[in-house]
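Please examine the sequence and the three-dimensional structure shown below.

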Amino acid sequence: MGYTLAQLNDMRGLFGTRPWRAADDPCCVVAVQNFKGGVGKSTLSVHLAQYLAIQGYRVALIDCDSQASATTLFGYVPDLDLTEDDTLYPFLRQEEMTSLDYALRKTHFDGLELIPANLRLFQSEYEIAARMARGQGGLIDRLSQGIASIADRFDVIVLDPPPALGAISLSVLRAANALVVPVPPTVMDFSSTAAFLAMLDETIETLAERGFAPTLKFLRFVASKVDENKSMQKELLTLMRTLFGHAMVRTPLKDSAEIDNATARLMTVYELDGPVTSSAVRNRCLTYLDGVNAELELDIRAMWPSHLSRLRKEGLA
Ligand SMILES: Nc1ncnc2c1ncn2[C@@H]1O[C@H](COP(=O)(O)OP(=O)(O)OP(=O)(O)O)[C@@H](O)[C@H]1O
Ligand SMILES: [Mg+2]
């Protein structure tokens, strides 16, 4: 017989083994960001959020992209099942709102809540940009304010931004205190990531000049959609490891038919209870996913003074 995650979390509570941060540790707000499209941001965001929930953390996932891929992976058809009032949209446009609580909804993962997106969220790109052009620069901080209004209840808040540099992506950068950058090892993705990093640098500088400098506790690169059968990818992977050094997550997130097939069912690999492909393919895929997520979990825990001492004792930090 298996236990549900909710039952497991009850037992963790009983035995005092929930891995929560201490009240004075900062909530980790991690953005899975790269301005390039299709690099695996949403896939990694959702699997990271679900992995952390399975470990017993209190997690929120905020879908900041009007394409709503992350929302879709929770089984929603965004433009049928949701309205703009279910998303970030009302909070971003109405100054008088003080909390994002209204938009959080429970998911079928105990301990994981979701703020979904749908196409209407795209409106706020224009609205924020227009209002910023009229001198309301503080709007770049609106998402941060919303996150601050709910951060108390969570250990980790994962942000899935849209591709391209717009008002929402900027707000995400401003709100995050940690950044994970997925990069497929192909020439195209690699060169646009170089452009992304240059832009990131400029953006951070510009934000700093205006007194909005983001403070990042960690920045990690994840090789995503890796196909080691392609010799060029192997070479680029080696180059990335040399360039990014310790900032690079050691486990590559390989291209897997299991991820593709789960996505087609509006699900994740963690959610499926059996292989769509074969158990060998599924197990390999779970090994990559768990490997990447476990490394990121260590970075997250190292942000928390109450965990850092434990990690040091265990030789993990
Ligand atoms: N490791 C992987 N193995 C197989 N398919 C993958 C993998 N990672 C992502 N994909 C597939 O690639 C496509 C793009 O992935 P995803 O939506 O996560 O990228 P994204 O960076 O969020 O895209 P966008 O920029 O449009 O938001 C999806 O169909 C997804 O299922
Ligand atoms: Mg996406």
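The structure is a predicted model. Leaving aside residues up to four places away in sequence, Val30 touches Val156, Val158, Leu159, Ala176, Ala178 and Val180. Val30 is also one of the residues, with Val59 and Leu159, that touch the most other members of the largest nonpolar core, a set of 75 residues. Helix α2 contributes the most to this core, namely seven residues. In soluble globular proteins, nonpolar side chains tend to be buried together.

The next topic is the sheet. Strands of a sheet pair through backbone hydrogen bonds, in either a parallel or an antiparallel sense. Here an open sheet is built from eight strands in the order β3-β4-β2-β5-β1-β6-β7-β8, and its pairing is mixed. Its edge strands are β3 (105-106) and β8 (253-254), each of which pairs on one side only. Strands β7 and β8 pair in the parallel sense, over two bridges. Within this region, Val226 stands opposite Lys254 of β8. Helix α10, residues 231-244, packs on the sheet and touches β6 and β7, and its direction makes about 175° with that of β7. Helix α2 lies across β1 (28-32), β2 (59-63), β4 (112-115), β5 (156-160), β6 (178-183), β7 and β8, and runs at about 165° to β5.

Which residues come nearest to ligand 1? They are Gly37, Lys41, Ser42, Thr43 and Pro163, out of 19 residues around the ligand. Two or more residues of this shell come from each of α2 (41-55), β7 (218-226) and α11 (257-264). Sorted by class, the shell holds four nonpolar, ten polar and five charged residues.

Some individual residues also deserve attention. Most residues other than glycine have a negative phi. Ala164, however, has a positive phi, near 75°. Ala164 is found in the loop between β5 and α8 (167-175). Is Ala164 buried or exposed? Ala164 is exposed, because 11 other C-beta atoms lie within 10 Å, and a residue counts as exposed at 12 or fewer. Leu266 likewise has a positive phi, of about 55°, although it is not a glycine. Leu266 is placed in the loop between α11 and α12 (279-302). Leu266 counts as partly exposed because it has 14 C-beta neighbours inside 10 Å.

Finally, Leu8 is found in helix α1, residues 5-15. Leu8 has 15 C-beta neighbours inside 10 Å and therefore counts as partly exposed. The C-alpha atoms of Leu8 and Gln55 are separated by 9.7 Å, and the two residues are 47 residues apart along the chain.

How values were computed: Residues are numbered from 1 along each chain as its sequence is written. Chains are lettered from A and ligands numbered from 1 in the order in which they are written. This is a predicted model: local features need pLDDT of at least 70, side-chain atom pairs count only at pLDDT 80 or more; totals for chains, interfaces and linings use all residues. A residue is near a molecule or strand if its C-beta atom, placed from the backbone, lies within 6 Å of it. Helices (H or I, at least four residues) and strands (E, at least two) are DSSP runs, numbered from the N terminus. Ala, Val, Leu, Ile, Met, Phe, Trp, Tyr, Cys and Pro count as nonpolar, Asp, Glu, Lys and Arg as charged, and the others, Gly among them, as polar. Two strands pair if DSSP finds at least two bridges between them. Two residues are in contact if their C-beta atoms, placed from the backbone, lie within 7 Å. Axes are lines fitted to C-alpha atoms, for helices over the stretch in contact, and angles run from 0 to 180 degrees between N-to-C directions. A nonpolar core is a set of buried Ala, Val, Leu, Ile, Met, Phe, Trp, Tyr and Cys residues joined through C-beta atoms within 7 Å. A residue is buried if 20 or more other C-beta atoms lie within 10 Å of its own, exposed if 12 or fewer, and partly exposed in between; C-beta atoms are placed from the backbone.
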